[in-house]
Amino acid sequence: MPNLVAIATYCSDTALDLETDNSGDCFLIEELRKRGYVVKILSWDADDIDWEGFKVIIIRRIWDYDLKFEAFKEWLCRLERSSVTVLNPACMLRWNANKRYLVELSCKGIPIIDTIYVEPGKAPLLTNIMQRWPRIVLKPVVGLDGHQVVKILYQHDMETRQKDFQYMLDRNCEGVMVQRYMPGCQSEMSLVFFGGQFHHAIGLAPSSGHERSQKSFCRCTPDVIALELASEVMRVLPWDEAPAYV
């Protein structure tokens with residue numbers, strides 16, 4: 001098999017400008033090419049790609065999978081039926097795409113934010129939920145980058161809020177999750193593991209816009225508690241072998 005490597009991304013990324021890219025893909029591509037690989041940047045949902053022709057498929061910024069979730073699941077099945085190596089494997093991608101994995105982690109002792117999962121159908125009353133948690137967040141069970149996420153910090157115009165909740169539930173066949181709002185959640189820190197070993201952490205602060213490129217990020221050092229928690233999550237993941245990257 002030729003040394004062909006595919007970097008699977010989404011349509012807007014396929015014309016990646018390596019001079020201005022801030023994702024780190026430019027370094028990845030450069031290193032792969034130094035090692036003799038031919039690298040192609042391809043949209044995961046393109047119809048005319050023979051994925052079995054690649055030695056490895058590296059999953060990167062597939063940022064629209066939640067908007068095409070049925071097609072995404074079909075693509076994962078195609079990859080599983082092929083002999084190509086996928087990083088990370090399709091079974092991991094499928095598990096990680098649905099936020100109900102938090103339930104599984106919780107059952108293994110990992111602390112998670114207080115969460116109610118709501119199946120498609122008639123939405124429960126938000127006023128009843130907010131008697132328990134005065135401030136809440138609504139988000140699709142399958143979603144990313146804040147798409148459709150709604151914060152409700154005060155019981156104001158709840159009739160409209162309830163209609164919006166029902167509309168969200170009707171649009172998301174995998175359901176909606178309601179979480180207790182956590183103070184301090186305006187920023188986040190990602191801990192990066194390669195082959196099960198901690199490598200580095202990135203701090204991310206949101207911007208007023210919606211584009212990822214507008215968010216500020218920097219290398220940071222996690223505190224002991226954060227690192228211990230992340231390491232425990234790695235330990236309880238439901239696979240015998242650690243993912244290539246987390």
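## Cysteines

The structure holds 0 disulfides, a disulfide being a pair of cysteine sulfur atoms within 2.5 Å. Cysteine 26 is in no disulfide, and the nearest cysteine sulfur, that of cysteine 218, lies 18 Å away. Cysteine 26 counts as buried, at 14% relative accessibility (buried means under 20% relative accessible area, exposed over 50%, partly exposed in between; 1.4 Å probe, protein chains only).

For cysteine 220, the closest cysteine sulfur is in cysteine 218, at 5.9 Å, which is too far for a bond. Cysteine 220 is partly exposed, with a relative accessible area of 24%.

## Basis of the values

This is a predicted model, in which local features need pLDDT of at least 70 and side-chain atom pairs count only at pLDDT 80 or more, while totals for chains, interfaces and linings use all residues. Residues are numbered from 1 along each chain as its sequence is written, and side-chain values use heavy atoms, with hydrogens and water left out.

## Aromatic pairs

Rings of Phe, Tyr and Trp (its six-membered ring) pair if their centres lie within 6.5 Å; planes under 30 degrees apart count as stacked, over 60 as edge-to-face and the rest as tilted. By this rule the count is 11 aromatic pairs. One of them is the tilted pair of phenylalanine 72 and tryptophan 75, with 6.2 Å centre to centre and 40 degrees between the planes. Both residues are buried.

The pair of phenylalanine 193 and phenylalanine 198 is edge-to-face, because the planes are at 65 degrees, with ring centres 5.7 Å apart. Phenylalanine 193 is buried at 3% relative accessible area, whereas phenylalanine 198 is partly exposed at 32%.

## Aromatic cluster

One aromatic cluster is formed by Trp44, Trp51, Phe54, Tyr65, Phe69, Phe72 and Trp75.
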